[in-house]
Amino acid sequence: MACQLVERLPAAHEALRSGRIDLAKARVLDEETMSLPESAARQVVDQVLPAAEGLTTGQLRVRLRRLVIAADPVAAARRQREALARRRVEHGLDPDGTATLAGRHLPPDRAATAAARIDALARAAKRAGDARSLDELRADLYLDILNGAHTPTGLAAPAGGVELVVPLSTLAGLSDLPGQLKGWGPVLAEIAAKVADQQRDRSWRFTVVDDSGAVTAHGPLRRRPAAGVDAFVRARDRTCRAPGCRAPAHRSDLDHTIAWEDGGPTTPANLGVLCRHCHGYKHSRGVTLTQPTPGTFVWHTRLGHTYTTGPAPP
């Protein structure tokens with residue numbers, strides 16, 4: 001890794017030396033650009049370094065993967081085909097006596113749809129009064145489906161659906177810009193187009209952004225009526241707005257920045273997406289949250305630190 005940083009990614013090495021990034025972020029920069037030629041890898045690092053200081057390693061990894069795909073879509077598609085040829089199921093015992101059963105190198109569109117179906121079944125069971133936690137339900141349903149067990153009596157079996165963010169030029173076949181599966185990360189243009197094609201018979205929702213990535217409009221494309229303010233704020237924020245949290249908006253709460261009881265209005269300028277954990281943290285002693293402009297959130301923590309968050313460009 002030292003050789004890679006010094007000889008292959010000198011800008012990352014200098015950022016590490018100066019303290020602008022730490023060793024964990026340097027390792028992410030090295031790992032995520034490993035597949036690129038040296039010149040392309042340096043260009044990607046130069047693009048992401050100005051923002052790297054304010055990102056978590058998880059956020060940095062997602063941004064790098066999008067840039068790596070965009071840097072050479074043909075090579076990215078080739079790497080994916082080679083990885084798909086190694087797809088397999090792994091299993092083994094864990095140290096605590098439990099077991100792990102997982103698929104590796106799976107097609108991302110099919111994996112995302114399968115995970116969404118399991119999540120939908122688990123939430124349906126929870127609404128029907130099942131006492132298990134959602135994580136327990138997802139795990140049990142995962143095994144039930146693989147073992148051939150039937151869906152519990154009276155439980156609806158919704159189809160798996162995924163949320164897709166994709167440039168219009170990609171859908172029109174005019175570019176190879178990557179799309180993004182919400183909750184998963186960047187995917188090749190080919191995969192994004194395939195996921196979009198699978199939604200032909202379902203209701204679409206569109207989101208329009210300006211050149212800076214700010215959401216300017218959101219709504220249904222057909223059949224379903226507009227979900228109004230709730231849908232707009234979730235589309236705008238995309239993930240939990242707590243610093244470093246990447247919980248997707250559709251699994252999170254919609255929170256009044258200024259509490260309703262204190263006169264806070266139910267408008268986009270006073271609403272934000274917070275996951276259940278971060279929602280509880282917001283209301284803990286010593287923590288304050290403000291929204292100076294719609295979609296921009298300023299956190300003041302009990303340790304006296306200040307963090308500003310906003311949605312990353314799509």
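Patches are made of residues with over 30% relative accessible area and no salt bridge; like charges are joined within 9 Å, and nonpolar side chains (Val, Leu, Ile, Met, Phe, Trp, Tyr) within 5 Å. This is a predicted model: local features need pLDDT of at least 70, side-chain atom pairs count only at pLDDT 80 or more, and totals for chains, interfaces and linings use all residues. Residues are numbered from 1 along each chain as its sequence is written, and side-chain values use heavy atoms, without hydrogens and water.

Q: What makes the nonpolar surface patch of about 360 Å²?
A: Val-89, Leu-101, Leu-143 and Leu-146 make it. Val-89 lies in strand S1 (residues 88–93).

Q: Why is Val-89 called exposed?
A: Its relative accessible area is 58%. Exposed means over 50%, buried under 20%, and partly exposed in between (1.4 Å probe, protein chains only). So Val-89 counts as exposed.

Q: Why is Trp-299 called buried?
A: Trp-299 has a relative accessible area of 1%. That is under 20%, so Trp-299 is buried.

Q: Why is the aromatic pair of Tyr-281 and Trp-299 called stacked?
A: Ring centres must lie within 6.5 Å to pair; planes under 30 degrees apart count as stacked, over 60 as edge-to-face, and the rest as tilted. Here the values are 6.2 Å centre to centre and 25 degrees between the planes. The pair is therefore stacked.

Q: Why is Ala-114 called partly exposed?
A: Its relative accessible area is 42%. That falls between 20% and 50%, so Ala-114 is partly exposed. Ala-114 lies in helix H7 (residues 108–127).

Notes. Helix = DSSP H or I, 4+ residues; strand = E, 2+ residues; numbered from the N terminus. Phe/Tyr/Trp six-rings, centres within 6.5 Å; stacked < 30°, edge-to-face > 60°. Areas by Shrake-Rupley, 256 points an atom, 1.4 Å probe, with all protein chains shown as cover. Salt bridge = Lys/Arg side-chain N within 4 Å of Asp/Glu carboxyl O.
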